[in-house]
Amino acid sequence: MSLGRMLRRIPAALARTVRLAWSVDRWMVLAVLGCQLAAGAGTAVTLAAVARSMEVLFGAGDPARTVREAAPALLVAAAATGAGAGARLVAEWATRRLNPKIAGAMELALVDLHMRAEPAAFDDPGFTDRSRAAETGVGRAMALTEDAKALTEGAVQLAVAASVLTVLHPLLLAVLALSVVPRAVGGAVAARIDHQVFEASTSARTTRDVMRWFLTTPDLADELRANTMRPYLYRWYQQMCERVEGRALAAAPRFLRVGAVAAVLGGVCTAGLWAPLAGLVLPGRMPAATAGAAVVAAQGAGRALGNLVRYGAALFHDGLYLDGYHRFVADAGARRVRRGTRAVAAPREIRLEAAGYTHPGAERPTLGPLSLTLRRGEVVALVGGNGAGKSTLVRLVTGLVTATSGTVRWDGADLARADAESVWRQVGLVPQNIGRWPLTVRENLHLGQDGTPGDEALWRAARRVGMDEAAGRMPHGLDTLLARALWGGHELSGGQWQRLACGRALHRAPGLLVLDEPTSALDATGEQHVLAAVREGARERITLMVTHRLDHARLADRVVVLAGGRVVEDGGFTELASAGGPFTRLCEEAARVGR
Ligand SMILES: Nc1ncnc2c1ncn2[C@@H]1O[C@H](COP(=O)(O)OP(=O)(O)OP(=O)(O)O)[C@@H](O)[C@H]1O
């Protein structure tokens, strides 16, 4: 990025930060700006009073009398300095109030956008990258408001000092401008190097950050240790860290060169300030007192400029993270689930007509085109080898993703145009990867539904999946917290979590119950409970069960066999088992390995 473009981005980053702050608390923004103007006015009064007192002090006469005469101006200078400091304190207080509010609002917006995005968005790797960049942006939000505050404060102070110098002598402003240029350019060049390092290490940082989760999550802690994966993974992670570090280290000499050149040129130019001052004072064209005031003003201007450069660069840099946040907000906003307004009820029939799904970026369809009809009252077993497309079909049928070709209709309503929330209200889904929600047993059973159910309904749900005894033994029954690894409470076994997920889906009394390998972690008793519960209310709903267990498929009214994303067989268990087709082969294979 060119230096000019970088400099142009600073006002834009400032404007965005102010807009963000304004949206969360406009009064605090006004307080910060008001206080900065007040602090600027304090500096102006201080400088004017210093100039006045110097005139008196530098004048000839009785020292006691001159001190007495200068006293009012000195008192004004002291009062104005105190008032300026007070205004800065209030601005600091207002910024500290703004910071958590901004970070909180961004955090909430980020999570909300993730939860409202089309599920297909997560299949796009770019979306995850942008999501991570946005998270970093939220983390930098606090720094950003500090940068913006310091930058505006520096601008106000510099404007005040420059005005005072202009009043003292217009030539001094030009000299000041000359002395500040090298430091300003040096700061901007350093910020550009920073940005280049940041850009060059983006992909290594993203990879490192994703891997950090894998290496530190309790979910994988056992697998990592027991399979002695630690040394390999540590080396892998170390390499990523070194790659990120390496970029920064390689840039260090450039920082040193730029800093040294800027310091030398800045020093030469600052020394250049004294020459014109001397040139004005010596021939008597400027009183020595005025020159003294000019020195004080120039020092203030130098400090203000230092802040301006430092925080301008910081704002540019932190603004890049904010850009990442805004990019994600725009992207996720555009990918928000917005399909149509037609509300649907519990389906009597789900019909897929030449429906297909192609993952984002994939060259060939993952699924379909396929045609299939599911009817209320049926339990349909969906079988097929790994990667056959069963989970993808589940996502189509439940409206989690919309068909990229053909249609999926619930009682004639095309899911691509139906109100998605109304569709999902009718669904009870037990996915392959269930959520182990760090909430109470009660919440885990009722999650996703409105209202507060009586204990009886929840115990019934627990009973249907054989979790009532285990829940009854827990220290607080339904109110036992299931978040031991995070903040205490009780921990469930893998199978118990799966039972709870099935209980939750059944408790919804859904019009479409979908279970994706619901018994993979269950013992024989758990299996019996879940399968009985699936059959129990089957007449009032459509039930679709993905399974690799052919003895489970036997309990279904129909078996649909998928292979390569297509329906290759569809019929009753007994009929397909003896048809000599793919299902017969699956049955023979299962018999051979004893399943
Ligand atoms: N996000 C994705 N992007 C691209 N391809 C994907 C994505 N998710 C899954 N696939 C591919 O889609 C195909 C079908 O996957 P799916 O999960 O539907 O299979 P499945 O029949 O449920 O398999 P399993 O029995 O192993 O659970 C697989 O070949 C898989 O590699």
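Strand β6 (residues 427-430) pairs with β9 in the parallel sense over 4 bridges, where strands are DSSP runs of E of at least two residues, helices are runs of H or I of at least four, both numbered from the N terminus, and two strands pair if DSSP finds at least two bridges between them. This is a predicted model, in which local features need pLDDT of at least 70 and side-chain atom pairs count only at pLDDT 80 or more, while totals for chains, interfaces and linings use all residues. Residues are numbered from 1 along each chain as its sequence is written.

From β9 the chain crosses through helix α18 (residues 524-536) to β10 in a right-handed β-α-β crossover, that is, the path over the helix runs clockwise from the first strand to the second when the strands point away from the viewer.

All 5 of the 5 residues of β9 (residues 512-516) are buried, so the strand is largely enclosed by the rest of the structure; a residue is buried if 20 or more other C-beta atoms, placed from the backbone, lie within 10 Å of its own. In a regular strand the side chains alternate between the two faces of the sheet. On one side of β9 lie Leu-512, Val-514 and Asp-516, on the other Leu-513 and Leu-515, and all of them are buried.

Of the 595 residues of the protein, 37% count as buried.

Conventions
A residue is buried if 20 or more other C-beta atoms lie within 10 Å of its own, exposed if 12 or fewer, and partly exposed in between; C-beta atoms are placed from the backbone.
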